[in-house]
Amino acid sequence: MNFILTDSYDQMSETAAEFLTEELNRKPSAVFALPTGSTPIGTYRALARLNKEGKVDFSQGNFFNVDEYVGLSRESEQGYYHFLYENLYRHVNVDLEKTHVPDGMAENPEQAAEQYEQMIDGLGGLDAAFLGIGRNGHIGFNEPADSLHYATYCVTLTQSTIEANARFFRNEGEVPKQALTIGMGTILKAKKIILVADGDDKEEAIHRLWEDTSLRTDFPVSFLRLHPDVTIITTIK
Ligand code: GLP
């Protein structure tokens, strides 16, 4: 696991954008998983700038949301597809037909999860998984639990995650209790993993990842240790 320590949020964002740009330039039709949250916003801003400067082309790339709440549609303002549309897709020359999100409105979420996994597999799996991290060590919405899931699945969110994400809703009660997320296997099968972390509330998780080499299902991010090409870009010392 490679840690890159940056001095500021902007530097972290630029560094992450460089990694993603390099990947797209190497393989224009690359398949990406992309996260939501406050942390990657700067990276998306940097990517939009690089795209305008002609340094990266999104037109052939395939982009999959890492996760989506159950009960929210592509159009929902609090939904994760909407987030990526607002923060990235509408600013770059992406082909929207090649942007995907788990179907949060599906009558059968398990089936929607399976279809999502098949769609990723059908394109040869992820070339790069770009991730944030939850304060409890979740990646995507792979929450701490007795066991982890290999493929995309429907997860019941922990109280800690509901509280952390309540800021995007009118109140905590409005945060959906379930979500669809790509699984730990989907992530670990990606050829490259890039994770960004910033802010006091992530300090404990990043220090633990740095110091503790054990693999624990109650700390899902620890499983990234199994992967040969992981870069953690962080402002946390
Ligand atoms: C949510 C998302 C994660 C993201 C996390 C951290 O829980 N499901 O994919 O990594 O938030 O978000 P933030 O960067 O806002 O702290």
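Me: What makes β2 and β6 a pair of strands?

Reply: Strand β2 is linked to strand β6 (residues 128-131) by two bridges, and the two run parallel. Two strands pair if DSSP finds at least two bridges between them, so this counts as a pair. Phe32 sits opposite Ala128 in β6. Strands are DSSP runs of E with at least two residues, and helices are runs of H or I with at least four; both are numbered from the N terminus. The model is predicted: local features need pLDDT of at least 70, side-chain atom pairs count only at pLDDT 80 or more, and totals for chains, interfaces and linings use all residues. Residue numbers start from 1 along each chain as its sequence is written.

Me: What partners β2 with β3?

Reply: Four bridges, in the parallel sense, to strand β3 (residues 62-65). Val31 faces Asn62 in β3. Between β2 and β3 the chain passes through helix α2 (residues 41-52), and this β-α-β crossover is right-handed. With the strands pointing away from the viewer, that means the path from the first strand over the helix to the second runs clockwise.

Me: Which residues cover the two faces of β2 (residues 31-34)?

Reply: Val31 and Ala33 lie on one side, Phe32 and Leu34 on the other, and all are buried. A residue is buried if 20 or more other C-beta atoms, placed from the backbone, lie within 10 Å of its own; 12 or fewer makes it exposed, and in between it is partly exposed. In a regular strand the side chains alternate between the two faces of the sheet.

Me: Why is β10 called largely enclosed?

Reply: Four of the five residues of β10 (residues 230-234) are buried, so the rest of the structure largely encloses this strand. Strand β1 (residues 2-5) runs parallel to β10 and is joined to β10 by four bridges. Leu5 has Thr234 as its bridge partner in β10. Strand β9 (residues 192-197) pairs with β10 in the parallel sense over five bridges. Val196 stands opposite Ile233 there.

Me: What makes one face of α7 the buried one?

Reply: In α7, Ala205, Ile206 and Leu209 are buried. Seen down the helix axis, the buried residues fall within an arc of 95°, so they line one face. The arc is that of the directions from the helix axis to the C-beta atoms. His207 and Glu211 are exposed on the other side of α7. The cover over the buried residues includes β9 and β10. Helix α7 (residues 203-211) also forms a right-handed β-α-β unit with those two strands.

Me: Why are β1 and β5 called edge strands?

Reply: The open sheet has seven strands, in the order β1-β10-β9-β6-β2-β3-β5, with parallel pairing. β1 and β5 (99-100) each have a single partner strand, so one side of each has no neighbour in the sheet.

Me: Is Glu77 buried or exposed, and what makes it so?

Reply: Glu77 has 10 other C-beta atoms within 10 Å, so it is exposed. Glu77 sits in the loop between β4 (67-69) and α3 (80-87). Glu77 and Phe169 are 92 residues apart in sequence and 9.7 Å apart in space, C-alpha to C-alpha.

Note on methods
Contact = placed C-beta atoms within 7 Å.
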